[in-house]
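Here is a short briefing to read alongside the model. Take a moment to open the structure in your viewer, and then let's walk through a few local features together.

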Amino acid sequence: MNHLGLSIRYEAPSDAGEFSGYAVIWGARNGHNEIVQRGAFARSLQAHQRAGTKPLMLWSHDQADIIGVWSEIREDDTGLFVRGKLILEIDEGRKAYERLKAGAVNGLSIGFRVPPGGEKRGANGARILSAIDIAEISIVGMPSASGARITDIRSSGRVNESAAAFVKACREATRSLQPRK
């Protein structure tokens with residue numbers, strides 16, 4: 001839009017449905033009496049990269065409910081960091097997005113296999129996991145690891161009310177500056 005040489009542009013963000021969080025926290029005991037050690041995913045993530053694949057993004061471990069794609073999966077100082085985007089063009093992706101926005105769910109959970117030699121028993125019989133072949137990461141209502149949570153979700157891709165109000169105010173201001181006929 002252009003009024004009296006003043007150019008105003010606004011664009012709806014294209015990041016609706018994007019979110020990030022931690023699928024695993026290093027050293028935290030989960031509800032299955034498992035503790036994941038730092039570096040446990042390195043081999044599996046490298047294998048995915050070589051094969052040109054990524055773990056699936058599922059709704060509650062249901063292989064029939066692929067709800068999005070992971071854009072980033074990496075180990076950091078805290079745990080297994082993930083960033084993904086829900087597919088908002090399908091019913092399952094839209095439903096998951098609305099649940100996340102409403103705060104109804106924010107858990108993450110992994111589907112995996114432990115390769116030979118990738119585990120040992122620790123104190124209190126805990127299963128210590130040092131190598132994990134990850135197949136999928138799910139959005140869930142009740143994660144077995146309390147710290148495995150979505151920490152950030154991008155809001156709607158529509159122009160928000162404050163942006164629309166700003167544009168309206170600018171239009172009115174530029175109209176008031178135009179010479180009267």
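This is a predicted model: local features need pLDDT of at least 70, side-chain atom pairs count only at pLDDT 80 or more; totals for chains, interfaces and linings use all residues.

- An open sheet is built from 3 strands, which follow the order β4-β10-β9 with mixed pairing.
- The edges are taken by β4 (34-36) and β9 (119-121); each has a single partner strand, so one side of each is left without a neighbour in the sheet.
- On average, and with direction ignored, neighbouring strands of this sheet are turned by 25 degrees against each other.
- For β9 and strand β10 (residues 127-129), the pairing is antiparallel and runs over 3 bridges.

- Most residues other than glycine have a negative phi, which is the background for the next two entries.
- Asn33 is not a glycine, yet its phi is positive, at about 60 degrees.
- You will find Asn33 in the loop between β3 (18-25) and β4.
- His61 is not a glycine either, and its phi is positive at about 65 degrees.
- The loop that holds His61 lies between β5 (56-59) and β6 (62-75).
- With 34% relative accessibility, His61 is partly exposed.

- Asp133 belongs to strand β11 (residues 133-140).
- Is Asp133 buried or exposed? Its relative accessible area is 16%, and buried means under 20%, so Asp133 is buried.
- Which side chains make a polar contact with the side chain of Asp133? One of them is the side chain of Arg43, at 2.7 Å, and another is the side chain of Arg113, at 2.8 Å.
- Leaving aside residues up to four places away in sequence, Asp133 touches Arg43, Ser44, Gly111, Phe112, Arg113 and Pro115.
- Arg43 and Arg113 are therefore listed among the residues that Asp133 touches, where contact means heavy atoms within 4.5 Å.

Notes:
Residues are numbered from 1 along each chain as its sequence is written. Side-chain values use heavy atoms; hydrogens and water are left out. Two strands pair if DSSP finds at least two bridges between them. Helices (H or I, at least four residues) and strands (E, at least two) are DSSP runs, numbered from the N terminus. Axes are lines fitted to C-alpha atoms, for helices over the stretch in contact, and angles run from 0 to 180 degrees between N-to-C directions. Buried means under 20% relative accessible area, exposed over 50%, partly exposed in between (1.4 Å probe, protein chains only). A polar contact is a pair of N or O atoms within 3.5 Å; within protein, one must be able to donate a hydrogen and the other to accept it, and residues adjacent in sequence count only if both atoms are side-chain atoms.
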